[in-house]
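Please look over the structure below with its strands and aromatic rings in mind. A short briefing on both topics follows.

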Amino acid sequence: MAIVRDYVRPLPAPPTTEPAHEPHDPVPRRSLLSQAELLQQAERLAGADEVSLRGVRTILTALTEFEGQTWQQRWENADCQDPGNDWKDQLGSPWKGIRLNRARFESANGIADLIALDVIRPSYTWLRNARPRFHRIRENRNPEFFARMKEHGSGLDVRQSNVGNGLTVMTKVLAHTGLSVNDLRPEHLLDYREYQLERKQKPDGLTYVWSMLKDLGVFDSSIPGLLQLVAVKRPGVEEMVDSYGIQSQPVRDMLVRYLKTREISVDYSTLRWMVYELVKNFWLDVEAHNPGANSLRLSFEEGRAWLSRFMQGSITTKHRTLFMVRGLYLDIAAWATDDAYWAEWAAPPFLTREDTAGANKNKRRTQARIHQRIRDLSPILPRLLESTDKELKDAQAILAAAMAVEQGQEFEHQGVTYRRREMSRSRKSWPRGSGRVWVTGGEFERRVDLTQREESCFWSWALTNTLNETGVRIEELVEITTHAFSIYRLPDTGEALPLLQIVPSKTDRERILLISPELAHVFAQVKRRVSTPDGRVPLAVRYDSAERTYSQPLPHLFQLRCGSERRTMSPEWARIAIKDAINRSGLRDENGDEYKFTPHDFRRLFATSALAAGLPIHILAKLMGHQNISTTQGYAAVHDEDTHRHFRGFLDRRRALRPAEDYLEPTEAEINEFHEHFKKRKVELGSCGRAYKTPCIHEHACIRCPVLRPDPAQRPRLKELIEALEDRKMEAEQRGWLGELEGIDISLNAAREKLARMARQVSLGVPSFPSGPKD
């Protein structure tokens, strides 16, 4: 546990008349006292009565039959530590002949008092199996601290189940170690965590206990959070390469040196991909098919054989692997001119430019799919924003109505009757927290946590509006702190402009965004939500999943409270919140499936709408944080209507250059002739599709004509014609009219084809609108 020793500050010893002891002293404080002295101290405990004292006396009398200089040694020699649930039988059945209920009550109170007096320090296994009366232990051991602990949880609206688990954890740790609260150290909690993990059980309540001890001053405030302290250290290049088990040691050393050289210029997530591509996808396959290979100098046949095997696999990112393998060869060739080490590894690459040429084609296809996706989502975005705003207002309204009544009472909201559930104070029925409001009735078939519902609606609203107004990456959004806001005053007018600083992220480019009034409202609501009663935004540590590192505590704006800890919202949590907003909105595509919005979709929609509004692309590139304008061009999905509008403008400008006499106004006779043509195209089964000023070239055989556009309303008439043709065909077959039979077959097949065309449905890509309640 040396990892935490640097964070532990010396705490003053509590005022006590008990003899001092070392923090890790295995001998309990009062384990050397006599039975009579212990009984005198037990009489002074809270809740002590004749029954409890009889239980203490019975246990101590039974322990005298075992060897040991202390009561703890006698307890261990009696094999009472493990497994724990039959500890009374290990003492020789001192309650034999006594009623079961009385024996259970005396033994439970007696052992709880001995643990509270620090006479017995049971193991964690015993505490789990025997399940002593923890509440009695807390009443007689540091009762003031446990009262402060409950007040701490209540003041932060921590879930009661979490506080209850924390009380149990603290009771077990103090009972097992025999320490007072002020002597407790982080390694003691880590020991309990290790015990729980060995049992493959989550240490519920331990995270809250850790943060609570920091808040109450038991642990130094500089100690990292529990999750940060026990986080697995990110593996280095050697560990990642060695995890694949390369057989050739020289190749292994070369790849480690190459990746360490490249490590400086790439982020950690890219480095992990490089290890995977070069080691797993490339070299391990080469070793498997070329035993004894220890050089990059592969023959042309060996290299092309690897390429053939790799391209036949199911990996979707094949071109990324090809680029990295070709880059490995080219980098070594370039470095060989400066470093002699790389000279022996330099080899001609077996991959050519033609092998990676398909990447551009694949990129264009992917970009086309993304652009079509943005075109589909563009008309849905306003409806999504409107839906999240309405959901938040509804959730806040019904929560306010529920909080206005007492638990167990009914209330009415928008003409619907609900009942606020009455929550029992028993620990077994604690739902999720004392500050939560649960209701039933109305639209809710089962009980619903309105507090959690309002919380979810708020963050969905805040995330969607922030992404829509800024176009930032989701990783940049969760990094926003209160330090990112500033005011800039125009030198001419003195007008104050609120600005938002986006810290360097993917491209390491800092940029400044102007905060719109809508975005300022969102940030104000978020800050109000996360601030403490004194108006401060609490400090929170952010975990970077890409770099696998923790940041310094900062006043992050998008943070969540987990127990008494503050944690920055993760990108995964934000994606789930956006998905929940889509689910609640009920937006469906033409196939009835839910639309899928990702955080990056908002970024592409922002770029598309900004270009459509006339923002210069070089300015947009700076706002987006792109190093190349071509990247910004790939983000913007130009809509068809934009293309049509610009093309019409081009036509108008070109027509203006032509002589005016080329554009004569049509006469009234020409207009009448035009309308008469379309009137004559109306036929029995629909309309004729022949061009203007063209006669009917099929001798009015409309049922056979391919340019006939059947009217779906004429389906019954067409069915009657088909039945009549079938009767005529039967008669022709009976009478032997073979010439007539051939013409009937042609007409019958054409009629059936048109009937099938009427029933066929063609998707036009138009989104469907859910039917809402009629006014």
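Over the ring of which residue does the charged end of arginine 447 sit? The ring is that of tryptophan 438, and the charged end lies 4.3 Å from its centre. This is a predicted model, in which local features need pLDDT of at least 70 and side-chain atom pairs count only at pLDDT 80 or more, while totals for chains, interfaces and linings use all residues. Residues are numbered from 1 along each chain as its sequence is written, and side-chain values use heavy atoms, with hydrogens and water left out.

**Charges over rings**

- A charge sits over a ring if NZ of Lys or CZ of Arg is within 6 Å of the ring centre and within 35 degrees of the ring normal.
- Arginine 257 lies over the face of tyrosine 341, 4.0 Å from the ring centre.

**Aromatic pairs**

- Rings of Phe, Tyr and Trp (its six-membered ring) pair if their centres lie within 6.5 Å; planes under 30 degrees apart count as stacked, over 60 as edge-to-face and the rest as tilted.
- The count by this rule is 25 aromatic pairs.
- Phenylalanine 282 and phenylalanine 350 form a stacked pair, with 6.2 Å centre to centre and 25° between the planes.
- This pair links distant parts of the chain, 68 residues apart: phenylalanine 282 is in helix α15 (residues 268–289), and phenylalanine 350 is in the loop between α18 (340–343) and α19 (358–377).
- Helices (H or I, at least four residues) and strands (E, at least two) are DSSP runs, numbered from the N terminus.
- Buried means under 20% relative accessible area, exposed over 50%, and partly exposed in between (1.4 Å probe, protein chains only).
- Phenylalanine 282 counts as buried at 1% relative accessibility, and phenylalanine 350 is buried at 6%.
- Ring pairs join Phe282, Trp283, Trp306, Phe310, Tyr329 and Phe350 into a cluster.

- Two strands pair if DSSP finds at least two bridges between them.
- Strand β1 (residues 410–413) runs antiparallel to strand β2 (residues 416–420), and 4 bridges join them.
- Histidine 413 stands opposite valine 416 in β2.
- The two strands form a hairpin with 2 residues between them, and glutamine 414 in the turn has a positive phi of about 55°.
- In a regular strand the side chains alternate between the two faces of the sheet.
- In β1, Phe411 and His413 are on the covered face, and Glu410 and Glu412 are on the uncovered one.

**Sheet β12-β13-β14**

- An open sheet is formed by 3 strands in the order β12-β13-β14, with antiparallel pairing.
- β12 (682–683) and β14 (708–710) are at the edges, each with a single partner strand, so one side of each has no neighbour in the sheet.
- β12 pairs with strand β13 (residues 686–688) over 2 bridges, and lysine 682 stands opposite serine 687 in β13.
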